[in-house]
Amino acid sequence: MIGHQEITRREFNLFRDYVYKKVGISLADHKITLVQGRLSKRLRQLGLKSYEEYYNHMVSDSSGEEALEFINAISTNVTQFFRESGQWEYLTEHINEILSTKKDKKLRIWSAACSSGEEPYSIMMFLKEQVHEFSTWDIAVLATDISKKVLTKAMAGIYEEKDIQGIPRHTLLTNFSKIKGENGVMYQIKDDIKKHITFRMFNLVYDSFSIFSNHFDIIFCRNVMIYFDPPTQQKLISNYHRIMSNDGLLFVGHSESLTRNKDEFKLLRPSIYQKM
Ligand SMILES: C[S@@+](CC[C@H](N)C(=O)[O-])C[C@H]1O[C@@H](n2cnc3c(N)ncnc32)[C@H](O)[C@@H]1O
């Protein structure tokens with residue numbers, strides 16, 4: 001019956017090779033059930049009978065849209081406002097010291113796998129509250145992701161009640177407008193936060209870092225490197241190193257570390273690194 005057949009090991013390997021070549025995501029053997037679960041719905045929608053048929057459909061779609069659907073289906077976009085509390089505590093303690101070295105009063109930040117926008121919006125809300133004489137600073141956040149779907153949500157900046165739970169009350173009241181959505185009240189980020197953020201599609205593994213002309217003072221690359229194999233992680237970190245300003249900070253997810261790039265970054269605190 002359509003949608004109920006099992007994916008074969010050979011079919012799984014087709015997807016595994018594809019996703020590795022396309023986005024550098026390395027799928028472990030046990031992810032076979034995840035891939036089957038996530039793709040079965042798409043097979044049903046398209047009326048296809050096997051995973052191989054779906055694979056052929058995807059690779060022959062020259063628009064690349066189906067490949068994006070596929071990558072969206074198998075990658076995890078879970079995120080939240082003010083995730084990794086230790087990092088925000090570190091920034092609260094050090095932000096003004098970091099800024100004191102920036103004579104040009106410019107701060108450049110990259111949220112490198114921004115998902116649906118909670119991370120870059122947290123960064124800007126934090127800075128607006130913490131930076132002394134905020135309006136005199138030129139602050140820009142670049143927010144990128146590989147998934148068009150999450151970027152669309154990020155650009156809209158509209159969140160449900162369940163999404164805004166991690167935001168302190170005064171921060172929520174200052175930076176969001178309440179609007180009426182189809183399923184009740186929604187929270188829309190205000191333009192004075194949004195105007196500092198540029199959203200773009202960028203593949204961290206295969207797109208070229210030569211497009212970056214300016215240097216980033218802080219890079220957030222959180223909860224995405226876990227999907228990449230060690231050589232891919234190492235190359236990514238070296239790319240960050242090249243495009244960061246001296247003493248720049250790199251924030252990673254709590255289960256990620258930079259064991260292979262010891263000459264480039266030093267560990268300041270768990271999941272917080274500084275360019276050497
Ligand atoms: C689990 S979310 C993490 C979001 C946010 N950084 C956080 O920590 O809350 C991982 C994000 O990485 C994105 N992603 C996966 N592979 C990527 C790649 N090769 N290049 C850019 N983004 C990628 C996914 O689309 C997803 O939105």
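Me: Is Glu 119 buried or exposed, and what is its relative accessible area?

Reply: Buried means under 20% relative accessible area, exposed means over 50%, and partly exposed is in between, using a 1.4 Å probe and the protein chains only. Glu 119 has a relative accessible area of 5%, so it is buried. Before going on, note that this is a predicted model: local features need pLDDT of at least 70, side-chain atom pairs count only at pLDDT 80 or more, and totals for chains, interfaces and linings use all residues. Residues are numbered from 1 along each chain as its sequence is written, and side-chain values use heavy atoms, with hydrogens and water left out.

Me: In which helix does Glu 119 lie?

Reply: Helices (H or I, at least four residues) and strands (E, at least two) are DSSP runs, numbered from the N terminus. Glu 119 belongs to helix H6.

Me: With which side chain does the side chain of Glu 119 make a polar contact?

Reply: A polar contact is a pair of N or O atoms within 3.5 Å; within protein, one must be able to donate a hydrogen and the other to accept it, and residues adjacent in sequence count only if both atoms are side-chain atoms. For Glu 119 the partner is the side chain of Arg 222, at 2.9 Å.

Me: Which residues does Glu 119 touch, not counting residues up to four places away in sequence?

Reply: Contact means heavy atoms within 4.5 Å. On that basis Glu 119 touches Ser 111, Ala 112, Ala 113, Phe 220 and Arg 222.

Me: How many residues surround the ligand, and which are the closest?

Reply: A residue counts as near a molecule or strand if one of its heavy atoms lies within 4 Å of it. Here 22 residues surround the ligand, and the closest are Thr 79, Arg 83, Ala 113, Asp 145 and Asn 223. Backbone atoms also come up to ligand nitrogens. A backbone N or O atom of Ala 113 is 2.8 Å from one nitrogen atom of the ligand. For Arg 222, a backbone N or O atom lies 2.9 Å from a ligand nitrogen, and a polar backbone atom of Leu 204 is also 2.9 Å from a nitrogen atom of the ligand.

Me: How much of the ligand's exposed area does the protein bury?

Reply: Accessible areas come from the Shrake-Rupley method with a 1.4 Å probe, and for residues only the protein chains shown count as cover. The ligand taken alone exposes 600 Å², and the protein buries 99% of that.

Me: How many disulfides does the structure hold?

Reply: A disulfide is a pair of cysteine sulfur atoms within 2.5 Å. The structure holds zero. For Cys 114, the nearest cysteine sulfur is that of Cys 221, 12 Å away. That distance is too far for a bond. Cys 114 has 1% relative accessibility and so counts as buried; Cys 221, at 0%, is buried too.

Me: Which residues of helix H7 are buried?

Reply: In H7, residues 148-156, the buried ones are Val 150, Leu 151 and Ala 154. They cover an arc of only 100° around the axis, so they are on the same side of H7. That arc is taken from the directions from the helix axis to the C-beta atoms. The face turned away from the buried side carries the exposed residues Lys 149 and Thr 152.

Me: What do the buried residues of H7 pack against?

Reply: They pack against helix H6 (118-130) and strands E2 (138-145), E3 (158-160) and E6 (197-201).

Me: Which residue caps the N-terminal end of H7?

Reply: Ser 147 does, with a side-chain oxygen 3.3 Å from the backbone nitrogen of Lys 149. After H7 comes Gly 157, whose phi is positive, near 65°.

Me: Where is Ser 115, and what is its phi?

Reply: Ser 115 is in the loop between strand E1 (106-111) and H6. Its phi is near 50°, a positive value in a residue other than glycine. Ser 115 is buried, with a relative accessible area of 6%. Glu 133, in the loop between H6 and E2, also has a positive phi, near 55°. At 49% relative accessibility, Glu 133 counts as partly exposed.
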